[in-house]
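Visitor: Please pick a single strand and take a close look at it. Then carry on to the parts that deserve a place beside it.

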Amino acid sequence: MSVNDGPLIVQSDKTLLLEVDHEKADECRKAIAPFAELERAPEHVHTYRVTPLALWNARAAGHDAEQVVDALISHSRYPVPHALLVDVAETMARYGRLRLEKDPVHGLILTSSDRAVLEEVLRSKKIQPMLGERLGADSVVVHPSDRGNVKQALLKLGWPAEDLAGYVDGEHHPIDLAQDGWSLRPYQQEAADAFWHGGSGVVVLPCGAGKTIVGAAAMAHARATTLILVTNTVSAHQWKQELIKRTSLTEDEIGEYSGSKKEIRPVTIATYQVMTTRRKGVYSHLELFDARDWGLIVYDEVHLLPAPIFRMTADLQARRRIGLTATLVREDGREGDVFSLIGPKRYDAPWKEMENQGWIAPADCVEVRVTLTDEERLAYAMAESEERYRFCATTPSKTRVTEALVRRHLGEQVLVIGQYIDQLDELGEHLNAPVIKGETRVKERERLYQAFRDKEIQVLVVSKVANFSIDLPEAAVAIQVSGTFGSRQEEAQRLGRVLRPKADGGGARFYTVVSRDTVDQEFAAHRQRFLAEQGYAYQIIDADDVLGGV
Amino acid sequence: MASMEFTEWIRARSDEQLRELVSARPELITPVPAHLEGLAARAGSPSAIGRALDRLDRFTLAVVETLAVQDGPSPRETLADLVGRALAAGEPEPALGAALDRLRDLALVYGPDDALDLAPGVRKALDDPAGLGPPVADVFRHHPPEQLDEMADDIAPGTTGTGKERLAAALAEPAKLLEEVSGEARAALDQLAWGPATGRVPNARREVRVGSARSPIEQLLARGLLAATGEESVTLPREVGLHLRGGRVHRDLPAAPPALEGTARDQELADRTAAGQAFAFVRVVEELCERWSFEPPGVLRTGGLGVRDMKRLTTELDVPEWVAALAVEVAHAAGLVAQGGGVDGEWLPTTGYDLWRVRSTADRWVTLALTWLHMDRVPGLVGERDERDRPLNALHPDLRRTAAPVVRAAALGVLASAPGLAPSRASVLDRMAWQQPRRRGPLREQLVEFALREAEQVGVTGLGVLSGHGRALMASAGIGPGAEESTRTRAGKAAGSKGTKGAAAKAAVAVDPAAVLAPLLPEPVDHVLLQADLTAVAPGPLTSELNRWMTLAADVESKGGATVYRFSDASVRRALDAGQGADELLAALERHSATPVPQALSYLVADVARRHGRIRVGTAGAYIRCDDPALLDQITADRRSASLRLRRLAPTVIASRTSRAALVDSLRAMGYAPVAESLDGDVIVSRLDGRRSEGPAQTRSVPASNGLDPEVAAAAVRALRAGDAAHLARREPVAAPDGAIPRGPATSTITALQDAIKQGVRVWIGYLDSQGNATSRILEPARMEGGYLTAYDETRAAVHRFALHRITGVAGLS
């Protein structure tokens with residue numbers, strides 16, 4: 001009797017290590033994916049983490065503790081500590097002890113299969129005000145307006161409620177997918193179906209995997225008026241174009257609700273910014289949520305959902321909600337709110353697998369280390385600490401290297417991405433390329449993007465306004481010269497720019513130009529870690545190799 | 001005399017039987033009595049009998065109780081008959097035979113089969129055998145003789161003897177009396193029949209006669225069927241009780257222990273789970289000790305671990321609080337942590353921990369598990385409150401419970417008797433209640449509960465089933481599965497067993513628990529998997545050499561079956577600091593990695609190595625600098641300089657290990673003319689007169705010059721005066737000079753004071769005191785820092801601190 005030969009190693013901190021080259025790795029991955037979040041996916045050993053949220057996601061998807069324990073035991077190479085199994089079972093048992101249900105007489109009620117839990121919850125000062133009359137020993141009336149708040153509060157107490165109260169159908173509106181010359185990819189279909197069966201929830205797909213189409217498919221399921229919330233105006237335009245192209249919707253049926261236009265139509269696309277605009281301390285556009293009897297609300301880029309939208313969403317619990325995102329990781333740690341207010345994760349596919357299936361372009365990440373000149377080093381040492389990053393991120397040495405890189409990729413579509421406008425302007429000048437920044441008008445931006453897509457322009461210099469939701473499928477090379485202090489989320493977005501499948505099926509290149517021995521390098525280390533964890537090949541080269549060895 | 005017969009019986013036992021006796025009742029030979037009479041006497045002492053009875057199972061105890069209700073020696077047949085009647089199912093034999101053997105072994109029963117009797121003292125030790133009340137002779141002990149006479153007259157008219165004797169005779173056959181009483185009275189008796197034999201009634205001592213008895217209780221009291229034993233309590237006499245029981249002493253007596261109920265589990269799965277837990281537990285203890293190596297918690301005054309420290313540990317180890325408490329207690333009991341450190345005391349790992357740490361996981365587990373098995377401390381009580389409502393802390397002296405190891409062994413014994421079964425808690429408690437009916441109570445139930453959950457946590461059991469290594473552990477600890485279970489396993493004992501039973505059990509299962517556990521634990525691996533995100537995964541415990549190397553060159557990020565390491569600037573630098581070269585490091589990575597070394601990692605190593613050691617820092621006592629490298633060449637070449645241990649740092653700088661003064665002197669002796677330099681690079685001149693203590697900042701310098709010029713002379717005199725004044729034992733206040741208080745702009749004040757400090761001269765200052773009064777002082781300034789001047793105030797004859805902003809002006813004293 002010896003130890004198993006499984007591909008999985010269960011760590012005591014509840015991470016799971018999966019050896020990818022193992023023959024049973026795929027089978028194991030399928031078994032653990034429902035209840036463990038993929039945290040890191042470098043080349044040999046992938047790390048999954050079993051969190052309470054992940055376990056509850058699994059419960060919501062219909063898995064029980066027995067399955068989870070079985071998956072762990074049968075794939076684990078070493079004996080699984082009993083305490084961990086007990087913990088898994090106990091955590092999972094917490095979900096669904098409390099249920100939100102619809103009662104013909106009392107409206108919304110909270111019922112419990114475990115009286116002690118209900119009693120514990122009722123004693124919580126946070127929850128008391130949201131509840132009404134006690135109905136017998138096992139249920140209590142919930143004020144319908146507090147449906148979302150109750151769910152949030154219960155999650156914080158560790159007793160996430162299962163929301164079985166159902167949804168309003170909303171105003172009917174015919175929407176069909178127009179699959180002429182294209183069709184839903186299998187995973188898009190699966191994602192939309194999984195969402196529809198779950199009621200509400202989040203679909204996690206990598207950038208470039210066609211989240212918009214999943215949204216459209218969800219709308220075709222709902223066949224009802226839809227409110228779409230997106231990050232910015234450009235992205236709103238793209239949604240509109242995509243919907244016209246992919247569905248039976250016509251231009252007249254789709255409204256844009258943004259800073260400049262205030263159209264309310266059967267399908268309305270609004271930006272987060274306009275929804276969170278306050279006038280005299282009051283959100284002035286809240287009425288949009290009640291403007292129509294929406295049957296579906298689509299949240300694009302859920303991981304960026306601003307806090308006020310969460311609060312508004314708490315009041316919209318009777319409507320179906322679909323969240324679309326590339327990552328559940330939120331830099332503000334509000335994953336729990338996404339779980340309780342938008343819904344559990346309904347679909348997830350790791351980037352690398354999508355890439356292997358050819359849906360997104362493979363990417364090659366290269367970090368170019370620039371050595372500062374002696375004068376630059378001296379100036380850097382003397383710079384004020386708050387100015388240091390800016391200084392090392394925008395050194396002239398970087399400009400020279402960027403130019404060399406652009407030369408190296410002559411003939412390819414190149415995006416240069418940066419944080420600081422001065423630097424971008426200078427680069428634009430040196431490279432003789434147009435610059436898109438915050439002050440660039442929307443029309444001009446779209447013209448430039450279109451020109452880039454049409455290959456009329458080969459090099460485009462963009463600021464962080466381009467981080468989100470701009471579809472530039474032909475960008476084969478991205479050069480990052482400065483960023484927001486090593487934000488992982490920004491990195492995911494920027495990489496997403498070049499991950500769209502190319503017409504020629506070629507790979508993408510993602511350069512990061514970094515000043516050696518400065519804080520820039522420290523931030524780059526974060527980025528490097530993130531990208532390597534996502535499974536991308538990561539290489540570090542010296543600027544001299546670029547400058548000299550073309 | 002019974003005791004003499006008993007002594008003789010003891011004397012007649014064979015040596016082997018006596019060995020059996022003393023090994024089963026070790027308290028009889030601590031200390032060893034002088035002779036067998038002493039042994040017999042001790043065997044009859046109440047405490048010794050109590051202990052012996054505590055060890056009996058339910059059936060054997062019932063045999064003792066049955067004998068106890070007999071007046072004297074009984075033949076075996078009578079006993080078999082009584083026991084047989086009490087049995088719920090089955091025949092009295094062979095259980096009775098085994099029970100009698102055991103009772104004789106324990107010297108609780110003696111005599112031949114036709115006259116079995118209890119050892120002296122046993123009857124007395126059993127207060128209410130089988131829930132029966134005391135016999136008539138005892139129960140009416142406190143009644144006045146006249147009352148007994150009256151009662152005897154009523155129920156047994158025409159008999160002779162004392163009241164008590166007549167009563168006893170009448171109650172020995174109470175059938176007739178029982179017929180006389182009403183149905184309600186009979187029902188009241190039935191309630192007491194199977195024990196407890198005592199009931200409560202108001203005014204129990206009322207005087208009643210058969211004729212005047214009204215209520216059912218009065219009918220019973222008048223006939224002696226109940227005896228008043230207190231103001232409000234009545235007791236059923238034993239004879240009446242036995243009659244009511246229809247000649248049986250016990251009701252539904254089980255001859256065999258109750259069957260265990262629970263879930264059947266796959267033994268292999270249970271073993272694996274237990275092994276996983278064993279591994280985890282060892283790791284928790286190790287992590288605990290590692291944490292305490294660097295951040296030891298303080299020892300409470302009462303001798304425990306603070307609640308807050310406990311909470312923190314719980315969070316850090318990421319385990320429930322009771323598990324943390326268990327780990328702490330076991331680590332302490334195993335001698336891995338102990339009180340140490342400063343005055344207040346801290347909980348620190350011991351050197352024993354260092355020895356423990358280097359052993360194999362299986363060995364380490366055996367140490368911990370054995371400690372747990374034997375320790376008399378109850379970690380489960382941590383967090384509860386004592387009788388004075390104070391919280392019980394981990395490592396607190398009050399956590400000791402002598403019963404704990406016994407209960408643990410007994411509970412595991414129960415598990416051992418059912419391989420592949422995870423018995424329910426209730427079922428384990430039932431079984432233990434059968435095995436040791438006299439040891440029951442809330443504490444015991446709690447201890448059993450603790451024992452079961454701790455066994456699971458330590459990894460002795462898995463999924464509620466005793467694991468293979470757990471079984472081996474028990475065997476090595478001398479706890480055989482049958483040690484607590486008496487009757488069943490002893491059937492074949494007579495057939496040629498030698499030595500004590502414990503030794504036999506040991507010999508039978510002498511398997512090293514570590515050897516059983518080891519194959520279930522992850523095998524040590526000699527490679528890691530290097531990844532581009534700068535992590536290395538060791539897919540199992542590393543061989544010790546590689547482990548040391550990895551811990552040096554990378555930081556541990558996650559532990560468990562595997563270990564995840566992360567390389568960072570700092571960790572690579574640490575390896576370089578430890579003397580590894582960059583090439584060596586990369587070579588080692590390549591050697592130990594099962595996968596190619598990622599480019600990012602080799603770049604990291606090269607990058608850190610590039611910067612490593614570019615700046616060098618060392619210690620020097622003093623230095624020599626000179627603009628003329630040739631002169632320095634000359635000094636280093638000079639043989640006499642060898643003792644100065646000079647080292648050329650740069651063409652114009654030499655460092656020396658000696659002090660500045662020694663260096664200056666030596667160089668002078670060598671014929672050079674060096675000048676001393678202050679920290680700021682100023683030239684300082686050594687004092688002309690007697691030596692002074694070498695204060696670091698108080699170097700007093702005057703411009704260098706040749707010969708004795710008047711200024712220097714004046715300075716010398718002033719210094720002499722100051723020194724003289726300082727040496728006076730008594731210091732007289734000096735009158736402030738007359739005249740205006742000196743005033744000057746702030747910068748000039750500071751400059752003047754600095755000069756005064758450097759030159760060691762006295763000054764006259766104007767000073768605003770804390771009340772705002774303008775005063776003037778004569779000072780000998782010592783140092784100036786943080787806006788204050790520290791100086792010897794000659795006006796006040798004391799050292800004072802003066803706020804610089806209150807000094808209105810400075811003037812030299814000439």
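Guide: First, a working cut-off: a residue counts as buried if 20 or more other C-beta atoms lie within 10 Å of its own, with C-beta atoms placed from the backbone. Bear in mind that this is a predicted model.

Now take strand 24 of chain A, residues 508-515. Eight of its eight residues are buried, so strand 24 of chain A is largely enclosed by the rest of the structure.

Next, its pairing. Strand 19 of chain A, residues 363-370, runs parallel to strand 24 of chain A, and eight bridges join them. Glu367(A) stands opposite Thr512(A) of strand 24. Strand 23 of chain A, residues 477-480, is also parallel to strand 24 of chain A, with four bridges between them. There, Val477(A) has Arg509(A) as its bridge partner.

For a contrast, turn to chain B. An open sheet of three strands has the order 3-5-4, with antiparallel pairing. Strand 3 (198-200) and strand 4 (227-228) of chain B stand at the edges with a single partner strand each, so one side of each has no neighbour in the sheet. Three bridges link strand 3 of chain B to strand 5 of chain B, residues 233-235. In that antiparallel pair, Arg200(B) is bridged to Ser233(B) of strand 5.

Then the packing. The largest nonpolar core has 259 residues, and Val285(B) and Ala411(B) touch the most other members. Helix 16 of chain B gives the largest share of this core, 13 residues. Leaving out residues up to four places away in sequence, Val285(B) touches Ala327(B), Val330(B), Ala331(B), Leu336(B) and Leu368(B). A second, separate core has 74 residues, including Leu39(B), Leu116(B), Ala170(B) and Ile217(B).

Last, the interface. Here 34 residues of chain B are in contact with 30 residues of chain A. On the chain B side, two or more residues come from each of helix 16 (267-294), helix 23 (442-458), strand 13 (535-538) and helix 30 (599-611). Helix 16 of chain B gives the largest share, nine residues. By class, that side has 15 nonpolar, 12 polar and seven charged residues.

Notes
Residues are numbered from 1 along each chain as its sequence is written. Chains are lettered from A and ligands numbered from 1 in the order in which they are written. This is a predicted model: local features need pLDDT of at least 70, side-chain atom pairs count only at pLDDT 80 or more; totals for chains, interfaces and linings use all residues. Two residues are in contact if their C-beta atoms, placed from the backbone, lie within 7 Å. Ala, Val, Leu, Ile, Met, Phe, Trp, Tyr, Cys and Pro count as nonpolar, Asp, Glu, Lys and Arg as charged, and the others, Gly among them, as polar. Two strands pair if DSSP finds at least two bridges between them. A residue is buried if 20 or more other C-beta atoms lie within 10 Å of its own, exposed if 12 or fewer, and partly exposed in between; C-beta atoms are placed from the backbone. A nonpolar core is a set of buried Ala, Val, Leu, Ile, Met, Phe, Trp, Tyr and Cys residues joined through C-beta atoms within 7 Å.
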